[in-house]
Amino acid sequence: MSSYKHLIVAALSIGAISVSSPAALQCAPVPDSITLNQSGKLFSPFTFNHAKHIQSIKECADCHHHTTGTLVLDPNCARCHQNSSPTAVVSCKGCHSATPFSPETLAAKRADKQRYHLDKMGLKGAMHQNCIGCHAKVGNGPTGCQDCHPRTKEGAAFYSTNRKGAKPAHAEEE
Amino acid sequence: MKRRNFLKACLIGGTTIALGKTNKGWASGSFEGYPEAMGVLVDTTRCIGCRSCEAACNKEQKLPEPDTSFDDPSVFQHDRRPTAKAYTVVNSYQKGQPSGPVYRKVQCNHCNEPACLTSCFVNAYTKTQEGAVIYNSKVCVGCRNCMIACPFNAPGYDYDSATNPVVKKCILCYDTRLKYGKPPACVEICPQEALTFGHRADLLKLAHERIRATPDRYVDHVYGEKEVGGTSWLYLAPVGFDKLGFDTTLSNDPIISNVKDFLGMVPMVLSIWPALFSGIHLLCKNQEHGEHGHDTDSNQEDTKP
């Protein structure tokens with residue numbers, strides 16, 4: 001039953017991309033590419049090929065969890081989201097805060113005693129863990145910092161790249 | 001009669017003062033940290049060894065340029081410790097293992113009852129209510145007792161200046177960030193969210209929840225929850241902590257417990273001994289005088305007809 005459902009989902013996703021019209025699954029159109037790290041200072045913005053990822057992964061829930069309304073596979077998530085309908089916002093930043101440790105976010109978290117998702121990752125953490133985690137697991141895809149987003153001039157200064165190859169401190173001790 | 005009362009008062013007074021002082025000393029052992037103290041949970045299963053935290057610390061604390069760039073992986077060949085020029089370092093462990101290397105960020109763990117603070121006789125260290133252990137270089141005399149006392153080898157000494165002794169270590173970005181409730185620079189830059197900032201009490205719950213939810217991912221221990229009385233920095237690990245360079249021989253008692261019993265005796269010695277010995281001295285002296293006087297009196301009486 002579940003593999004049958006998968007096939008439908010995959011077919012629909014690919015179909016949605018190929019005709020590049022509003023997807024059959026949700027109201028919002030599925031973008032072919034997304035510019036990430038738009039306000040990055042140390043690393044440049046870069047283009048994420050969404051269409052290519054849909055084709056190779058074929059499973060929206062792998063990245064979007066329950067938000068796209070597809071079948072939730074994680075048994076822990078399925079306890080609540082088994083029959084979740086698609087949410088209005090499916091983008092990462094719709095749920096994952098860009099400032100997960102700001103005083104305001106921490107205070108809001110403390111005040112909300114009923115909250116279940118207490119350990120929800122921030123936006124940066126969620127994206128890096130998802131991308132690097134999958135790329136490392138599949139063994140196919142960039143995992144280095146500059147493989148996705150090249151450093152800016154400011155970034156090069158921040159990481160003191162001009163000192164690369166200089167004698168490390170431990171070399172003197174030996 | 002007068003003499004006896006005086007001695008009694010001395011003894012009772014001295015004992016109450018001494019007991020009062022030592023009781024206070026014992027009570028400090030039950031201190032479990034400030035309730036509103038902040039902390040950082042380090043999830044070593046998430047760290048990818050990018051060393052961005054080192055770079056961020058270097059810039060935030062205005063430290064000198066590093067010996068080699070912050071994207072140079074050659075530093076992982078050796079275990080490093082924090083120094084006066086680098087308050088935090090990332091080391092690599094389990095390099096030959098199929099599960100890949102495990103990276104561990106090292107810095108001051110900001111103990112609930114810091115050994116550096118205990119060992120400092122000029123009170124250069126302060127444990128703030130926000131959880132940071134900060135340091136005042138103005139009163140430091142450069143004895144470096146704190147460096148010996150620290151169970152985590154956190155404080156580094158600035159050997160460049162002979163006249164101005166300065167011990168340098170992570171201060172949880174207290175001056176620039178923590179004071180205002182903001183996360184330290186290392187936490188903010190971490191791409192993998194391997195560092196989680198929050199109230200220490202909340203972080204402990206998160207840590208145990210992560211272990212409960214994904215038991216295959218972690219060993220069932222939160223390093224820093226109890227070690228040396230608890231630390232503001234907490235660690236989760238995929239393998240035994242001893243394999244990641246952690247000192248797993250540390251007691252759960254704060255370092256101060258090692259010296260508390262001895263130090264508890266100091267006020268007792270200072271308050272009881274003067275009273276006791278001056279009392280004995282006075283007693284002996286008075287007796288001598290009294291007996292002598294009595295003798296002469298009786299002699300005089302005897303010589304009377």
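Begin by selecting strand β2 of chain A, residues 46–49, where A:Phe46 and A:Phe48 make up the covered face while A:Thr47 and A:Asn49 make up the uncovered one. In a regular strand the side chains alternate between the two faces of the sheet. Keep in mind throughout that this is a predicted model.

Now colour the whole of chain A by secondary structure, which shows nine helices and two strands. Followed from the N terminus, the elements run α-β-β-α-α-α-α-α-α-α-α. Of the 174 residues in this chain, 27% count as buried, and among its contacts between residues at least 6 apart in sequence, 44% join residues at least 24 apart.

For a local stop, centre the view on A:Ser85, which lies in the loop between α4 (75–81) and α5 of chain A. Once its neighbours within four places in sequence are left aside, A:Ser85 is in contact with A:His66 and A:Gly69. If you also show A:Thr70, you will find its C-alpha 8.2 Å from that of A:Ser85, with the two residues 15 apart in sequence.

Then bring chain B into view and select the residues where the two chains meet: 33 residues of chain A are in contact with 39 residues of chain B. Between them the chains bury about 3,000 Å², of which 53% is on carbon and sulfur atoms.

In total, four salt bridges are counted between chain A and chain B, and the count of residue pairs in polar contact, with both residues at pLDDT 80 or more, is 15.

Finally, select α5 (103–111), α6 (123–138), α8 (153–158) and α9 (169–173) of chain A, the elements that each give two or more residues to the side touching chain B. The largest share of that side, five residues, comes from α6(A). Coloured by residue type, the side of chain A that touches chain B divides into 15 nonpolar, nine polar and nine charged residues.

Conventions: Residues numbered from 1 in each chain as written. Chains lettered and ligands numbered in written order. Predicted model: local features only at pLDDT ≥ 70, side-chain atom pairs only at ≥ 80, totals over all residues. Heavy atoms only, no water. Buried < 20%, exposed > 50% of the residue type's maximum accessible area, 1.4 Å probe, protein only. Helix = DSSP H or I, 4+ residues; strand = E, 2+ residues; numbered from the N terminus. Contact = heavy atoms within 4.5 Å. Buried area = accessible area lost by both parts, 1.4 Å probe. Salt bridge = Lys/Arg side-chain N within 4 Å of Asp/Glu carboxyl O. Polar contact = N/O pair within 3.5 Å; in protein donor to acceptor, adjacent residues only side chain to side chain. Nonpolar A, V, L, I, M, F, W, Y, C, P; charged D, E, K, R; others polar.
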